[in-house]
Amino acid sequence: MKASVYYSKNDIRYEDVDIPEIGDGDMLIKMHACGLCGTDIHKMQHQTVIGPVILGHEVSGEIVKIGKEITHYQVGERVVTAIHVPCFNCHYCDRGFFTLCDQFKKTNLDPGGFSEFIRIPHLHVKHLTHRIIDSLDWERAAMIEPVACCLHGMKSANIHPQDTVLVMGGGTIGLISAQLAALKSASTVIVSDLSRFKRELALKIGVTYAIDPIKEKLETRVAEITQGKGPDVIIIAAGVSSLVSQAVNIVRRGGRIVVFSPFDNIPIVKIDASRLFRDEISIVGTYSLTPYDMKEAIEIVEKNKINIKDMITHTWSLSRISEAIEFASNPNNDVLKIIINAEK
Ligand SMILES: [Zn+2]
Ligand SMILES: [Zn+2]
């Protein structure tokens, strides 16, 4: 089969690899769509993974082979899955921190989403794999995984009715989070982003305000909108660590800042730490998803509770991932989510 193999920055090869053998509890799917995630681009461009490796984790596909022990799935069924499975039985899992479990990052799809066929190991079959309805196309189905990640973040955001939520960064994660905030009854959702295309898209999918932080001072504009209080919740969905300092300055008293972005390049920032005690603000991180988030995400996507369709701006074929990454990385391009399709 063919797969898109990352060797190093600027060296991604579309080449032949072996179709994985499946065990008795595993299944093999034919990949139909796999989202190109910001973290995939980040891993490749900042070389935080060592090649050769096949990335991709936002997968939808069709079952082509099942292990002997599998009785509840059939060949031909359409499914979605995700990449990491917690053990449900350790110090972290016992306390509900499933994404921090030691087993979590050790579990992976084989060989990865950017591949024609993918082995879904038995733990993933058991805890992360779900059938999808026929009317859901492969591309939107591939968005279930990022929606689940954002739902996971929403739990930390703890949004209340009538809240004002500021989302810093109008990429895929930002715009999913903005829509989920509205779904969770936030009355005002503000998105800030440098890209005009993303701001226009944000308004199209229903956010209340879209701010260009170059043209308008974010602090001033947000203060105007919130009558000086500041947002109840700020979600940081852009890989710029200085946004944490800015968010600390503008969140309301008792407000929450949810960080949903890797800051590997510049991880150290200064914040006004006096606000933690004096104003009881909190800063929390969010990473990946749990099996429980996956189920909720499927319901949201299948029932069209948020606008996924307009967020998918491009589809690209598996053999041309390098081009897709280059296109997605150029801030001058009008692009939000790119979905990778298997070659026809
Ligand atoms: Zn992702
Ligand atoms: Zn665990």
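Pro111 sits in the loop between helix 2 (91-94) and strand 6 (117-120). Its peptide bond from Asp110 is cis, with omega near 0°. Helices (H or I, at least four residues) and strands (E, at least two) are DSSP runs, numbered from the N terminus.

This is a predicted model, where local features need pLDDT of at least 70 and side-chain atom pairs count only at pLDDT 80 or more, while totals for chains, interfaces and linings use all residues. Residues are numbered from 1 along each chain as its sequence is written, chains are lettered from A and ligands numbered from 1 in the order written, and side-chain values use heavy atoms, with hydrogens and water left out.

A cis peptide bond also joins Gly51 and Pro52, with omega about -5°. Pro52 falls in the loop between helix 1 (38-45) and strand 4 (58-66). Gln47 is found in the loop between helix 1 and strand 4. Gln47 is not a glycine, yet its phi is positive, about 50°.

## Zinc ion, ligand 1

The protein donors here are Cys37 (SG), His57 (NE2) and Glu58 (OE), lying 2.1 to 2.4 Å from the zinc ion (ligand 1). Their spacing in sequence is C-x19-H-E. Cys37 lies in the loop between strand 3 (27-36) and helix 1, and Glu58 in strand 4, so the pair ties together parts that are 21 residues apart in sequence.

Donors are N, O and S atoms within 2.8 Å of the metal (3.2 Å for Na, K and Ca); water is not among the atoms, so sites may look incomplete.

Strand 1 (residues 2-8) and strand 2 (residues 11-16) run antiparallel, joined by six bridges. Two strands pair if DSSP finds at least two bridges between them. Two residues separate the strands of this hairpin, and Asn10 in the turn has a positive phi of about 65°.

Ser4 has Tyr14 in strand 2 as its bridge partner. Tyr6 has Ile12. Contacts of Ile12 (heavy atoms within 4.5 Å) include Met44, Ser322 and Ile325, not counting residues up to four places away in sequence.

## Helix 5 against helix 11

Helix 5 (residues 144-157) packs on helix 11 (residues 291-302) at about 115°, with the axes 8 Å apart. Axes are lines fitted to C-alpha atoms, for helices over the stretch in contact; angles run from 0 to 180 degrees between N-to-C directions.

From helix 5, the contact residues include Ile144, Val147 and Leu151; from helix 11, they include Met294, Ala297 and Ile298. By class, the contact has nine nonpolar, one polar and three charged residues. Ala, Val, Leu, Ile, Met, Phe, Trp, Tyr, Cys and Pro count as nonpolar, Asp, Glu, Lys and Arg as charged, and the others, Gly among them, as polar.
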